[in-house]
Amino acid sequence: MTTKEAIMERHSVRNYEDKNIENEKLNELNAFIDKCNEEGNLHIQLLEDAGNTFNRLLNRAMGLGSAPSVIACVGKDDETLDERIGYYGEKIVLLAQSLGLNTCWAGTYNKKNVKAEILNDERLAIVIAIGYGKNPGKPHKSKSVQDVIKGNEKDMPDWFLEGVKMALLAPTAVNQQKFEIALKDDSYEIIDKGGILSKIDKGIVKCHFEIGAGR
């Protein structure tokens, strides 16, 4: 499965099978997480046992209480952390999809029950449920290309439009898609338009855009 195929097939999944992730897949995920941590100056950790991370009534009602494992998105607490978490966390999510696993970015969880190592200068930004879903999830309604770009779609180069199309498949908090993408000569800019967890969303969108644009 290519990364673009993983983007196309990946949807948020909230209900999981009572099945552990195989060691071979855990090893591949952990090796990739180590690489992302080094590149992004992060401290992301895959916790095989999600424990009571999702024990709140809301999460149990939505199904996340069944997630067997969780990815704790931790890093040095500065103004760039959320965007870096979104960018590298989504890379991990897409690898998981290619390995036949399912995931869900989760902004609602019990922080005190996340058994991750968090150093004094670090912050737990968000968690990602991971495991074998009871279903593959389903796509959500999306904005159009023209809705999220500056300028006219007809005037944009192919690489930019391909990036935007992949960006529109990026998971965002409550499916808000509060971003705009502007063409800057031979480059681009992703504009955060605010909203819940929008900085994390911006990192996820950037990850998808670069994959689509081949940047």
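Start with the lining of the largest pocket and colour it by class: you get 21 nonpolar, 13 polar and four charged residues. Here Ala, Val, Leu, Ile, Met, Phe, Trp, Tyr, Cys and Pro count as nonpolar, Asp, Glu, Lys and Arg as charged, and the others, Gly among them, as polar. A pocket is an open set of points on a 1 Å grid over the protein atoms alone, with protein on both sides within 12 Å along at least five of seven lines, and its lining residues have an atom within 4 Å of a point. The space in this one comes to about 870 Å³, where a volume is the space filled by probe spheres set on grid points that are joined across faces, edges and corners.

To find the middle, select S12, R14, H140, P171 and T172, the closest to the centre among the 38 lining residues. Then show α1 (3-9), α3 (57-62), β3 (102-106) and α7 (198-213), the elements that give two or more residues to that lining. Helices (H or I, at least four residues) and strands (E, at least two) are DSSP runs, numbered from the N terminus.

A quick word on what you have open: this is a predicted model, in which local features need pLDDT of at least 70 and side-chain atom pairs count only at pLDDT 80 or more, while totals for chains, interfaces and linings use all residues. Residues are numbered from 1 along each chain as its sequence is written, and side-chain values use heavy atoms, with hydrogens and water left out.

Next stop: the second largest pocket, with a volume of about 150 Å³. Select M1, T2, T3, A6, F32, K91, L94, L95, S98, C207 and I211 to see its lining. Which element gives the largest share of this lining? That is α4, with four residues.

Now look for a cavity, meaning a set of grid points where a 1.4 Å probe fits but cannot get out.

Move on to α6, residues 158-167, where seven of the ten residues are buried, that is, under 20% relative accessible area with a 1.4 Å probe and protein chains only. Select W159, F160, L161, G163, V164, M166 and A167 to see them. Zoom in on V164: leaving aside neighbours within four places in sequence, V164 is in contact (heavy atoms within 4.5 Å) with V145, V148, I149, I181 and F209.

V164 also belongs to the largest nonpolar core, where it is one of the residues that touch the most other members. A nonpolar core is a set of buried Ala, Val, Leu, Ile, Met, Phe, Trp, Tyr and Cys residues joined through side-chain atoms within 4.5 Å. Apart from it lies another core of 18 residues, among them V74, C104, A106 and A129.

For a hairpin, show β5 and β6, which have two residues between them. The strands run antiparallel and are joined by six bridges; DSSP must find at least two for strands to pair. K184 stands opposite S187, and D185 in the turn has a positive phi of about 55°.

Finish at N110, in the loop between β3 and β4. Is N110 buried or exposed? N110 is buried, with a relative accessible area of 10%.

Definitions and conventions
Buried < 20%, exposed > 50% of the residue type's maximum accessible area, 1.4 Å probe, protein only.
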